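Here is a short note for a colleague who is meeting this structure for the first time. Please read the numbered points with the structure open beside them.

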Amino acid sequence: MSHVAFALSGRFGDFRLEAEAEVPASGVTAVMGPSGSGKTTLLRCLAGLARASGRVMAGEAVWQDGRTFVPTHRRGVGLVFQEPSLLPHLSVRRNLDFAARRAGRGPGPDFDEVVEMLGLGALLERDPDRLSGGERQRAAVARALLSRPVLLLMDEPLSSLDAAGKAEVLPYLEQLHRSLSLPVIYVSHDASEVARLADRVLRMEAGRLRGPAVVASDDPLALLSDAQVRTLARAALAAGLEAEA
Amino acid sequence: MGQVVFTTVALAGLTTLILLALAAPLGWWLAHGRAWWKEAVAAVVSLPIVLPPTVLGFYLLIALGPRSPLMALLHPFGIRTLAFTFSGLVIGSVIYSLPFAVQPVRNAFEAIGPRPMEAAATLRAAPFDAFFSVAVPMARRGFVTAAVLVFAHTVGEFGVVLMIGGAIPGRTEVVSIRIYQLVEALEFGQAHRLAAALVGFAFLVLFALFLLDRQAGSRAP
């Protein structure tokens, strides 16, 4: 597996993306930032679903530079979308097959291992509309893995889930984190999620992101910017004052 | 009589097949293309809904006649005219029913949204692959609707087939025209039988297709 480097800039509607960083060949790199800061746009550019100008390299392979723009289906990126994106006309098994058939043989976990890792054994014959939110995201992660990606992108995969759904899926993601050896970019605005899953953190604000990544710690507060800590403290203080009054 | 029914069914079936093949790329382009002039194409495709069949038939007759520049291109191949031939009839029916095929297919493709095709691309499906393995199966209800409408519309066609077909017995005479001729000849008994058969046939075809569609909708293929 190889590291991924990018330097991208471009206009998307009324905001400007300026992102430059390197993502190591293994481990989870979180991209954090408030909603609307361009995290999803960055992922879409890395996947080739959106176009900014600049350069994207996956190891020795050029995905994008001044002359080339490799289309999504030839990049080998796995992408877990924010909301469920299983193909609705196919059962879970056929969704997984869709990925596995087109990925061919290669290193990495095979069909049965991935099904086992994400606990999908009992769900294989179900249609996507008969799965819970958490089950759908687990199936989506499994499908992304079966496409044998060289880079796995996750766009707030838990944000569409309720608390129970998050609690259901998070352990699976932690387990993957320990067993996978490919670069993962995990977008989130939830500090506690990132503290549990990420090795490194990149921050994004108003479309701007600049590496290198900061090593993540188990303390969620360490991931927050000073301004965010101050806001939290003020809110806690205000809540305390109200309770006393 | 059997010959007339055969011509009608052959015409409707062939028109349906051709239009499904045509509506797939055209409907996709109208749903997801970015050309600024695509709505102009959409308007041209929809013209047969607005125009009287006689207008369409008249222009087609001229375009397919021996002195048309279009036919001049075919003269080297030994084809002088397509007017009053079965091929001409098929061409006319395809144009006349074009909007009934393209509109439901376009709507179905639009309803899919961009996400499934993006997901397919991240799973290494090339655009053509994704079109046939994701877009077309997801839009199957649009295709079923298109097939039903085109078939029914072609069987029920009168003005266009009379103008370019000329009702030549054994070749371009279809059921709807035969009924008209029978009534003109005051053969009400025969007209009755044929008309009733058409009603029954149309009902059965539509009923079968709706059942098929419901079955396809209730379980994954």
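1. Thr68(A) is exposed, because 11 other C-beta atoms lie within 10 Å; the scale calls a residue buried if 20 or more other C-beta atoms, placed from the backbone, lie within 10 Å of its own, exposed if 12 or fewer, and partly exposed in between. Thr68(A) sits in the loop between strand 5 (61-64) and strand 6 (77-80) of chain A, and its C-alpha atom is separated by 33 Å from that of Val114(A), 46 residues apart along the chain.

2. This is a predicted model, in which local features need pLDDT of at least 70 and side-chain atom pairs count only at pLDDT 80 or more, while totals for chains, interfaces and linings use all residues. Residues are numbered from 1 along each chain as its sequence is written, and chains are lettered from A and ligands numbered from 1 in the order in which they are written.

3. Chain A contains seven helices and 11 strands, these being DSSP runs numbered from the N terminus (helices: H or I, at least four residues; strands: E, at least two). A compact globule of 245 residues would have a radius of gyration near 18 Å, and the 19 Å of chain A agrees with this; the radius is taken over C-alpha atoms, and the globule rule is 2.2 Å times the number of residues to the power 0.38. The C-alpha trace of chain A spans about 60 × 45 × 30 Å along its principal axes, and 41% of the 245 residues of chain A count as buried.

4. Strand 4 (residues 53-58) of chain A pairs with strand 5 of chain A in the antiparallel sense over three bridges, where pairing requires that DSSP finds at least two bridges between the strands. Val56(A) has Gln64(A), in strand 5 of chain A, as its bridge partner. The two strands form a hairpin with two residues between them, and Gly59(A) in the turn has a positive phi of about 60 degrees.

5. Between the chains, 15 residues of chain B are in contact with 21 residues of chain A, contact meaning that the C-beta atoms, placed from the backbone, lie within 7 Å. On the side of chain B that touches chain A, the elements giving two or more residues are helix 6 (115-122) and helix 7 (127-138) of chain B, and the largest share, six residues, comes from helix 6 of chain B.

Definitions and conventions. Contact = placed C-beta atoms within 7 Å.
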